[in-house]
Amino acid sequence: MSRLLTINTYSDTEWRFIKIPVAFFWLASIRSANINHELVPYPVGIFTFINGSFLASAHTVMVFFVCAIVLALLYIFEKWMTATTFFMFALSLVLFTLEESSGIFNRHSLYTAIFLSQAFAYYRNKPALSEERIQFPVQLIAGGYFLAAISKIRQSGFGWFTEAPLASIQMIKGYSYAYFNTGDVKQFEKGMKHANFILEHKLLAQSLLAVSLFLELFAWVSLKNKTTAFIYGLLLTAMHIGIWYFMNILIGSIFYPMIIFMVNPLYLMYAGLQRLVGLLKP
Amino acid sequence: MTVMRKSFLFLFYVVVSLLIGKEFHPFSLFPMYNSFPNYSYAFLLKNEKGELIPYRKNFSKDKNAGGLAHQYYAFFNYHHYQGGFGGEDSVYIKEAGKELMAKLLQDENTNRFNFDTLRLYKRYYHLDHDSIRYRDDLMYEQAINH
């Protein structure tokens with residue numbers, strides 16, 4: 001751990017433990033993309049300029065998924081990375097814009113932007129590639145959190161967190177989704193319990209929301225170096241766990257890239273295991 | 001790594017997203033929960049007896065309460081209809097209900113459904129003097145052909 005926090009470069013092993021989960025979660029997002037196969041009902045993004053219906057058929061989307069599997073494998077095995085990451089960007093752009101044009105906003109923007117940034121890093125092919133292919137995505141992730149804070153301030157002002165009692169209405173919504181999806185009424189009861197807790201502890205709720213706004217607003221601190229990215233990643237992870245506990249909401253398309261690139265939990269486990277094995281050796 | 005190289009993509013992504021000012025994948029304002037209005041909606045299904053029809057037990061996995069909520073808001077935004085606070089025009093609600101029902105039943109094998117009528121409701125939550133209240137409004141009703 002001390003080595004991780006003091007050395008400001010990324011090893012190939014760290015990169016390996018980043019790209020495997022990135023490829024996995026990206027593929028899972030593509031597989032579960034909710035696309036209307038008959039038409040593009042609410043066109044957004046690139047499909048406001050071109051009619052994307054011809055790309056939305058079930059057969060075409062299946063072909064895209066097969067291409068995504070091939071690209072994910074090339075990404076993991078580090079083959080033709082400039083082209084591979086660029087085509088991952090292009091595929092993400094088309095499929096996730098199709099999903100958003102079906103009215104479903106699963107916030108996959110970071111994946112798409114991350115692959116383009118990595119294509120740029122590989123295209124440059126500078127000696128700093130080993131750092132840039134990880135730090136460029138960290139910049140975009142920090143940008144996403146910062147934009148979320150700006151969005152809150154523009155919409156509700158700096159007093160966004162004072163509206164905490166009304167957040168209880170949003171909390172119950174997340175648990176209602178779980179109840180209506182599964183039929184498990186306990187989910188609804190749990191949501192009511194959490195929502196009423198917020199109503200009874202307004203100051204605590206306001207403090208938690210203020211902390212989360214502060215964390216998002218200062219997400220750019222994570223860009224300073226690898227250590228700040230790691231510590232900031234831990235703080236953001238705590239924030240997401242809090243949101244998940246109270247609201248039953250986990251925006252995976254933002255959380256997974258963040259924890260993978262900033263904290264790299266698989267690498268931490270690997271490094272911890274290696275250290276443990278080293279200690280147990282006679 | 002220089003300060004510029006450490007932050008130029010951050011600046012680019014933030015500035016371009018703010019200049020575009022709306023969702024344009026991959027640029028986004030990440031507007032989730034940027035305000036807490038005194039209402040929230042969740043969409044549920046019931047049969048002719050008024051019993052809950054869980055999405056996961058009856059529909060393909062991409063059909064769920066969250067997805068329907070997204071599509072409801074997309075419908076209102078796309079048509080520039082006024083929405084929120086449980087006060088939508090009943091004509092628009094029925095129009096949205098018809099469209100959401102069609103999307104829900106698209107590509108589904110209705111023969112395996114064990115109900116004859118599918119009712120789509122919008123649950124409207126709001127806060128009234130620190131108490132959470134809700135009501136279910138029928139949006140659309142569809143007879144199922146087995």
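This is a predicted model: local features need pLDDT of at least 70, side-chain atom pairs count only at pLDDT 80 or more; totals for chains, interfaces and linings use all residues.
Colleague: Which pattern does chain B follow, read along the sequence?

Modeller: Chain B runs α-β-α-α-α-β-β. That makes four helices and three strands. Helices (H or I, at least four residues) and strands (E, at least two) are DSSP runs, numbered from the N terminus. Residues are numbered from 1 along each chain as its sequence is written, and chains are lettered from A and ligands numbered from 1 in the order in which they are written.

Colleague: And chain A, how many helices and strands there?

Modeller: Chain A has twelve helices and zero strands.

Colleague: What radius of gyration does chain A have, and what would a compact globule have?

Modeller: Chain A has 21 Å. A compact globule of 282 residues would come near 19 Å, so the value agrees. The radius is taken over C-alpha atoms, and the globule rule is 2.2 Å times the number of residues to the power 0.38. The C-alpha trace of chain A spans about 60 × 55 × 40 Å along its principal axes.

Colleague: What about the radius of gyration of chain B?

Modeller: Chain B has 20 Å, but a compact globule of 146 residues would have one near 15 Å. Its C-alpha trace spans about 65 × 40 × 25 Å along the principal axes. Chain B is also divided into domain 1 (1-33) and domain 2 (35-143). Those bounds come from an automatic or database domain assignment. The centres of the two domains, taken over C-alpha atoms, are 34 Å apart.

Colleague: New topic. How many residues of chain A are in contact with chain B?

Modeller: 56 residues of chain A are in contact with 50 residues of chain B. Contact means that two C-beta atoms, placed from the backbone, lie within 7 Å.

Colleague: Which helix of chain A gives the most to that side?

Modeller: α6(A), with 15 residues. The residues on the side of chain A that touches chain B divide into 27 nonpolar, 22 polar and seven charged. Here Ala, Val, Leu, Ile, Met, Phe, Trp, Tyr, Cys and Pro count as nonpolar, Asp, Glu, Lys and Arg as charged, and the others, Gly among them, as polar.

Colleague: Tell me about α6(A). How many residues does this helix have?

Modeller: Helix α6 of chain A covers residues 129-156 and has 28 residues. From first C-alpha to last it reaches 40 Å, close to the 40 Å expected at 1.5 Å a residue. The expected span is 1.5 Å times one less than the number of residues. Of its 28 residues, 20 are buried. Just after the helix, G157(A) takes a positive phi of about 80°.

Colleague: What counts as buried or exposed?

Modeller: A residue is buried if 20 or more other C-beta atoms lie within 10 Å of its own, exposed if 12 or fewer, and partly exposed in between; C-beta atoms are placed from the backbone. Buried residues make up 43% of the 282 residues in chain A. For chain B, they make up 31% of its 146 residues.

Colleague: Take S151(A) then. Why is it buried?

Modeller: S151(A) counts as buried because 22 other C-beta atoms lie within 10 Å. S151(A) lies in α6(A). Leaving aside neighbours within four places in sequence, S151(A) is in contact with L29(B), F30(B), P31(B) and N34(B).

Colleague: Back to chain B. In which sense do β2(B) and β3(B) pair?

Modeller: Antiparallel, over twelve bridges. Two strands pair if DSSP finds at least two bridges between them. β2(B) covers residues 117-128 and β3(B) covers 131-143. They form a hairpin with two residues between them. In that turn, H129(B) has a positive phi of about 50°. D128(B) has S131(B) as its bridge partner in β3(B).

Colleague: Which residues does the cis peptide bond join?

Modeller: H25(B) and P26(B), with omega about 5°. P26(B) lies in the loop between α1 (3-20) and β1 (40-46) of chain B.

Colleague: Last one. What is the phi of W80(A)?

Modeller: Positive, about 40°, although W80(A) is not a glycine. W80(A) sits in the loop between α3 (58-76) and α4 of chain A. W80(A) is partly exposed, because 13 other C-beta atoms lie within 10 Å.
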